[in-house]
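I'm opening my notebook on this one and jotting down what I look up as I go. Where to begin?

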Amino acid sequence: MTDREYLQRLFASRLGWSLLAWLLLAVTWVSGIVLLALSGWFITATALAGAGMLATLDIYSPSGGIRAAAVLRTVARYFERVTGHEAVLRILADLRATTFRQLARWPARSLASLRSGDLQARLTSDIDTLDAIPLRVVGPMVGALLALVSAVAIALWLAPPQAALLLLVAAAITLITAAIAATAGQRRGRRLVREESNERVALLDYFGGLPELTAFGRLEEHRAALARRAREGAARRLTQERAGVLGEQGVQLVVMLTTLAMLGYALHAYAEGLISGPVAVLLTLMTLGLNEALGSLPGAWWRLGESLEAARRLRETEAGAEAPEPAGAEPVDLPPGPLEARGLSVGFRADRPLAGPLDIRPEPGYPLVVHGISGRGKTALLETLAGELTPTGGELLWGERDLTTLDPDTRHRVIGYLPQRVRLLDDSLAANLRLGQPELSADRLWAVLDQVRIAPLLQRMGYSLDYPLGEDAGNLSGGQARRVALAWLLLQDRPVALLDEPFAGLDEATEAAILERIGPWLEARQTVIVTHAPRRMPAHWPRLAL
Amino acid sequence: MPTDAPDSGLPRPGPWLQARMRPHRHWLLGATAAGLGATLATVALAGLIAWAVHMALFAPERLPLGMVLAGAAVAAVLRYALQALRDGAGHRLADAVKRELREELLDAARRDGPVHLAHRAPSGAWVDHYLRRVEDLTGHYARYLPGTRMVILTPLVLLLTVAWLDWLAAGLLLLSAPLIPAFMALVGMGAEQIHRSQQDEENRLAGHFLDRLRSLDFLRRARATQAAREAVVAASDEHRRLTMRVLQVAFLSSAIMEFFSAVAIGLLAIYIGFGLFGAIDYGPAGSLTLFTGLFILVLAPEYFLPLRQFAQSYHDRAAALAAAESLAPLLQPAGGPASAPAGAPDSPRTAIHLAGVQVQYPDTAQPTLHDIDLQIGRGEHLAVTGPSGSGKSTLLALLAGFLRPAGGEIRVADDLQRFVWLGQDAHLFHGSLRDNLQLASAEPVSDAAMHDALARAGLPVDDPQLPDGLDTAIGEGNTGISGGQAQRIAMARGILARHPLWLLDEPTSALDEATEAALLDTLFALAAEHDITLVIAAHREAVRERASRVVRLAEGRVESLA
């Protein structure tokens with residue numbers, strides 16, 4: 001499938017709205033042309049009639065036509081904008097749904113890259129570029145084409161074919177000018193984007209690394225490099241803007257010179273007796289009126305290139321997908337477990353394992369406590385056991401099946417994994433806790449909130465389950481957000497629980513209180529807990545030092 | 001934040017934008033002159049076209065058509081060239097202002113130091129202001145400001161021309177012009193009101209998609225991606241409904257513009273037509289000719305063009321005002337008087353001497369540090385302790401020169417002007433591990449020396465955590481590196497720097513106990529071996545028991561010496 005086909009499929013479902021918007025745009029432009037051309041014809045005809053050079057003239061129907069064109073233009077313009085934006089916003093919803101579906105199928109490790117602000121910004125700007133295609137790329141092209149066809153038809157009707165030919169030549173020159181300007185502009189544009197992202201990194205190092213740069217006496221050097229980069233960037237942006245200005249004014253000049261050529265031809269044809277005086281003026285002003293339609297072509301052409309690139313990048317999100325979107329349906333054959341690791345080694349690169357080989361088979365009733373200094377692969381071990389990181393060696397089994405071959409949704413039915421940091425939804429407390437199980441009762445939610453000692457806090461402040469957590473749980477402290485995530489896990493009835501530092505940042509008394517309340521839940525399944533304070537865990541739980 | 005103060009002395013955004021432009025206003029003058037020239041060329045162009053038609057119809061034998069067309073072509077080239085110059089000058093103006101502003105942002109960071117910098121905004125926000133916010137000013141200087149001139153000058157020139165041709169036609173144009181902005185403002189206020197009433201809801205819905213993307217792994221583990229996708233569609237639809245409510249009113253504003261200009265052109269044409277026909281015998285209508293009529297008709301759309309362009313650039317103004325409001329506080333010099341550096345301490349055995357030092361942040365009622373007298377000897381390992389908020393970090397920043405005292409004096413030995421700094425989170429620079437280690441040293445450092453320093457810092461280069469050895473890539477925000485690793489790399493960097501003064505602000509607060517112990521052992525062994533002066537702020541026992549002297553701060557005062 002090419003990018004073009006991808007776009008066609010994307011926009012097909014909203015074609016009705018787009019077609020309406022394009023048609024209205026064409027009506028706007030054509031009525032503008034008619035307004036100018038008819039006015040020219042009218043005053044020339046009246047001048048001739050007034051001078052006695054024209055025998056009869058009905059002055060009321062042309063003036064009615066002028067008024068109609070003026071009103072039609074206004075009305076068409078208004079509804080063109082309304083329907084165009086309606087189409088854009090509908091396509092935006094489609095695009096978000098499509099993109100979301102594709103990203104939901106990404107492997108867990110690749111999802112980490114979504115946390116980068118750069119990628120998020122690019123994704124949103126790509127979607128914004130794409131959703132505007134019908135309004136800002138195709139619309140002007142279709143509208144300009146229809147306006148040109150109308151003008152050519154009028155010219156063929158009223159004058160010898162040379163007049164129509166002149167219009168076609170002008171349109172061709174405009175299109176070529178627009179295409180050349182756009183191609184050069186886009187090449188520079190790509191460079192600009194690349195340079196800006198480098199500049200961003202250098203700036204982060206300057207503003208973020210100011211203490212280090214000052215201490216090591218490197219500040220001046222860094223600042224000078226940044227100033228140079230800024231100068232070069234400014235020069236590039238200026239060139240780009242200059243090219244845009246030249247393209248825009250260039251097209252306007254082409255249309256104006258065509259108008260003058262049309263004037264010359266029309267007056268010549270009038271002198272030869274081929275056309276009447278009013279028609280000569282009509283042809284001239286009609287050509288002048290085309291400037292609005294043709295003038296939109298450089299911008300549209302420019303955006304076409306950008307849009308194709310945005311489409312290509314968005315389609316790359318498809319390429320990263322590994323599995324069909326989780327359907328939530330019950331799979332047919334899932335062995336009852338248990339989770340078992342044999343000779344398992346973990347790490348980010350096969351030739352440099354962080355830990356292992358390990359034989360792990362946590363038993364219900366005996367949660368496994370993993371500890372050790374940071375950087376020894378505790379988190380990597382949990383991620384591997386959760387099936388989100390490929391083992392660098394050994395076997396990871398669910399029953400007698402290889403856990404890594406299970407599709408992600410099936411895996412999530414058996415494995416409850418609580419990473420160190422969970423990014424909660426910008427939604428209510430209840431909505432977060434009910435994620436995946438919308439049917440849970442309020443009593444159940446209050447019960448787990450009590451287990452993680454959040455309930456007393458909420459009651460004291462008078463908050464309900466509708467308490468909004470805010471973006472990235474901004475309305476909670478870091479420790480509270482972790483406990484909400486823990487409460488969510490407690491609501492899941494999954495045979496395996498993997499917890500990464502669930503009590504970090506809590507004082508010892510709170511930790512003990514929570515542990516006492518959730519102990520039975522932890523002991524009811526295969527559990528692995530990573531902690532930096534193993535002495536706080538019950539003595540009879542087995543330990544594993546990394 | 002200092003910006004919240006009732007009388008912060010900050011300029012209002014409008015005058016601020018104006019003041020930024022003043023040194024470069026020759027570009028605005030140039031843009032205005034070019035725009036005016038283009039308008040005059042337009043008048044000439046319209047006149048030549050009208051004259052050609054008039055003569056061709058009424059006195060074809062006296063028409064030098066070729067010359068008239070050539071003259072018109074010259075006028076056309078002149079017009080569009082001047083318009084290109086006008087827009088080019090506008091962009092030059094924007095470029096000059098933006099360039100100067102970016103330089104000043106870099107200088108503000110250097111002048112006020114890391115403490116004030118962090119106090120005003122996180123470093124990510126500084127970058128965002130430097131790149132995006134400054135760029136938001138482009139439209140204001142490139143389009144809006146020249147637009148304010150052209151929206152007066154061009155219609156004025158055209159109006160005078162038309163008045164000279166036919167004062168009644170000019171009256172018609174004159175009447176329609178002020179009606180347009182008045183109606184547009186009225187509609188604009190209506191749209192603004194709707195927008196304000198639903199702004200929170202609009203923002204929430206606009207952010208919904210990104211929020212769900214950021215939480216995608218949580219959604220997957222909860223097996224809720226399908227439901228979330230449906231919610232994304234529902235939120236987008238709701239957002240569309242709200243947005244269209246605003247847009248339907250906002251578009252009326254441009255419809256009014258279209259309506260008045262189209263109707264005015266239409267009315268003009270009808271007036272001229274009826275006048276030429278002889279159906280009007282009032283005022284100047286009787287003396288209309290095809291030349292004057294056509295001349296006026298061709299100029300009429302040009303009369304409304306600057307108004308339309310100005311209306312489009314109006315949101316440029318709004319964006320620039322918003323940007324100005326957030327940029328201006330960043331450039332304000334850090335408040336309060338600061339005492340000048342006082343030279344080296346009297347005794348060569350003293351590394352740093354503080355006498356009666358006082359620090360007060362602009363937005364606090366109480367000084368953060370009062371009357372600190374402190375003498376730090378060479379080779380001393382000094383721990384600064386105290387509860388959070390007692391001024392430990394401020395004292396360390398003061399020693400580092402990141403902050404100037406409001407009173408008292410600080411004397412630092414001449415050979416200690418460069419030092420090793422280790423904060424709570426070490427900043428690693430984008431690039432390879434090798435680049436980061438090289439940063440500390442002016443001379444090239446050999447790989448062997450780097451291996452040695454890393455090993456001493458407890459992170460041997462063949463450690464599995466450094467998959468590519470010295471070429472291990474370090475990304476934006478230390479990606480791919482854990483907090484403990486970053487602190488060890490920073491320590492290796494310090495070892496390579498060979499500076500005899502180390503200042504450390506809670507370097508182990510983000511680490512677990514075992515990692516902390518390993519790091520501190522390395523640090524103190526190194527300091528003892530190389531006779532390094534060590535000042536370390538910490539609230540943990542592990543630091544206090546290793547130090548040779550402990551200073552305790554409480555509420556900005558030195559409380560006890562142990």
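This is a predicted model: local features need pLDDT of at least 70, side-chain atom pairs count only at pLDDT 80 or more; totals for chains, interfaces and linings use all residues.

**Entry 1**

Entry 2: Next I wanted the strand order. Four strands of chain A make an open sheet, and the order reads β2-β1-β4-β5. The pairing here is antiparallel. Which strands stand at the edges? They are β2 (355-360) and β5 (401-402) of chain A, and each has a single partner strand, so one side of each is left without a neighbour in the sheet.

I zoomed in on one pair. β1 of chain A, residues 339-346, pairs with β2(A) in the antiparallel sense, over three bridges.

How many bridges join β7 of chain A to β8 of chain A? I got five, with β7 at residues 496-500, β8 at residues 526-530, and the two running parallel. A pair to look at there: A497(A) stands opposite T527(A) in β8(A).

**Entry 3: two helices crossing.** Over to helix α3 (residues 60-104) and helix α6 (residues 133-158), both of chain A. Their axes come within 9 Å and cross at roughly 125°. Angles from 65 to 115 degrees would count as roughly perpendicular and those over 145 as roughly antiparallel, therefore α3(A) and α6(A) go down as oblique to each other.

Who makes the contact? From α3(A) it's G84(A), A87(A), V88(A) and I91(A), and from α6(A) it's P134(A), L135(A) and G139(A). I sorted the residues of this contact by class and wrote down five nonpolar, two polar and no charged.

**Entry 4: domains.** The assignment for chain A gives domain 1 at 3-319 and domain 2 at 339-545. Taken over C-alpha atoms, the centres of these two domains of chain A are 53 Å apart. Chain B is divided into domain 1 (12-165 + 314-334), domain 2 (167-287) and domain 3 (350-561). How far apart are the centres of domain 2 and domain 3 of chain B? Over C-alpha atoms, 57 Å separate them.

**Entry 5: what the UniProt record says.** For chain A, the unreviewed entry annotates "transmembrane region" at residues 20-43, 137-158, 164-184 and 274-294. I checked two of those spans. Residues 137-158 of chain A are 100% helix and 0% strand, with end C-alpha atoms 32 Å apart. Residues 164-184 of chain A are also 100% helix and 0% strand, and their end C-alpha atoms lie 31 Å apart.

For chain B, the unreviewed entry's "transmembrane region" spans include residues 27-51 and 286-305. Residues 27-51 of chain B came out at 100% helix and 0% strand, with 36 Å between the end C-alpha atoms. Residues 286-305 of chain B are 80% helix and 0% strand, and 29 Å lies between the end C-alpha atoms. The record also puts "domain: ABC transmembrane type-1" on residues 29-319 of chain B. Over that stretch of chain B I noted 90% helix and 0% strand, with the end C-alpha atoms 23 Å apart.

**Entry 6: where the chains touch.** Last stop. The contact takes 106 residues from chain A and 108 residues from chain B. Which helix gives the most to the side of chain B that touches chain A? That's helix α9 of chain B (residues 225-277), with 27 residues. By class, that side of chain B has 63 nonpolar, 23 polar and 22 charged residues.

Conventions. Residues are numbered from 1 along each chain as its sequence is written. Chains are lettered from A and ligands numbered from 1 in the order in which they are written. Two residues are in contact if their C-beta atoms, placed from the backbone, lie within 7 Å. Ala, Val, Leu, Ile, Met, Phe, Trp, Tyr, Cys and Pro count as nonpolar, Asp, Glu, Lys and Arg as charged, and the others, Gly among them, as polar. Domain bounds come from an automatic or database domain assignment. UniProt positions are given in the numbering used here, feature names are shortened, and annotations may be inferred rather than shown by experiment. Two strands pair if DSSP finds at least two bridges between them. Axes are lines fitted to C-alpha atoms, for helices over the stretch in contact, and angles run from 0 to 180 degrees between N-to-C directions. Angles under 35 degrees count as roughly parallel, over 145 as roughly antiparallel, 65 to 115 as roughly perpendicular and the rest as oblique.
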